[in-house]
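Let's take a friendly walk through this chain, going from the overall fold to a handful of individual residues. Please keep the viewer open as you read.

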Amino acid sequence: MTAEEAISVIETISKIQDEYFISEIMDTWYKEIVVDFHDALAMAVDALKKQIPVKPILCDDEDLTCPTCGADVDWKYYCEKCGQKIDHEEE
Ligand SMILES: [Zn+2]
């Protein structure tokens with residue numbers, strides 16, 4: 001399973017649970033657990049998105065920067081600041 005596929009599965013399940021559970025269990029004791037679960041899923045999606053390579057941004061015609069956080073990523077495969085995977089392949 002790729003990171004993109006995992007994100008799609010998590011977001012689909014999360015959306016179904018949002019629509020069904022959150023409205024049904026508003027006053028039940030486990031609402032807090034379900035809300036925490038959704039927060040945890042959102043964190044997992046954020047981490048998975050950083051595994052999908054993205055092209056660096058060329059600044060001032062010389063520096064390559066991370067498109068996620070703006071840190072310098074000259075020829076690094078991962079951003080040292082935020083962990084974003086960087087794609088340096090020429091197209
Ligand atoms: Zn970064």
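## Ground rules

Two residues are in contact here if their C-beta atoms, placed from the backbone, lie within 7 Å. The model is a predicted one, so local features need pLDDT of at least 70 and side-chain atom pairs count only at pLDDT 80 or more, while totals for chains, interfaces and linings use all residues. Residue numbers start from 1 along each chain as its sequence is written.

## Confidence

How confident is the predictor? On the pLDDT scale, which gives the predictor's confidence in each residue from 0 to 100, the chain has a mean of 87. A pLDDT of 70 or more is reached by 88% of its residues. Helix 1 (residues 3-24) has the lowest confidence, with a mean of 80, whereas strand 2 (residues 63-65) has the highest, at 93.

## Overall layout

The chain holds two helices and two strands, arranged α-α-β-β from the N terminus on. These elements are DSSP runs numbered from the N terminus: helices are H or I with at least four residues, and strands are E with at least two.

How much of the chain is buried? A residue is buried if 20 or more other C-beta atoms lie within 10 Å of its own, exposed if 12 or fewer, and partly exposed in between, again with C-beta atoms placed from the backbone. By that count, 7% of the 91 residues are buried. Among contacts with a separation of 6 or more, 38% link residues 24 or more positions apart.

Start with A6, which sits in helix 1. It is partly exposed, because 14 other C-beta atoms lie within 10 Å. Setting aside neighbours within four places in sequence, A6 contacts M1 and L48. The C-alpha atoms of A6 and K49 are 9.8 Å apart, although 43 residues separate the pair along the chain.

Now look from the other side. L48 belongs to helix 2 (residues 31-49), and with 16 other C-beta atoms within 10 Å, L48 is also partly exposed. Which residues does L48 touch, not counting those up to four places away in sequence? They are A3, A6 and I7. For L48 and I7, the C-alpha to C-alpha distance is 6.9 Å across a sequence gap of 41 residues.

## Two positive phi angles

D61 has a positive phi of about 60° without being a glycine. You will find D61 in the loop between strand 1 (57-59) and strand 2. D61 counts as exposed because it has 5 C-beta neighbours inside 10 Å.

W75, not a glycine either, has a positive phi of about 60°. W75 lies in the segment after strand 2. Is W75 buried or exposed? With 8 C-beta neighbours inside 10 Å, W75 is exposed.
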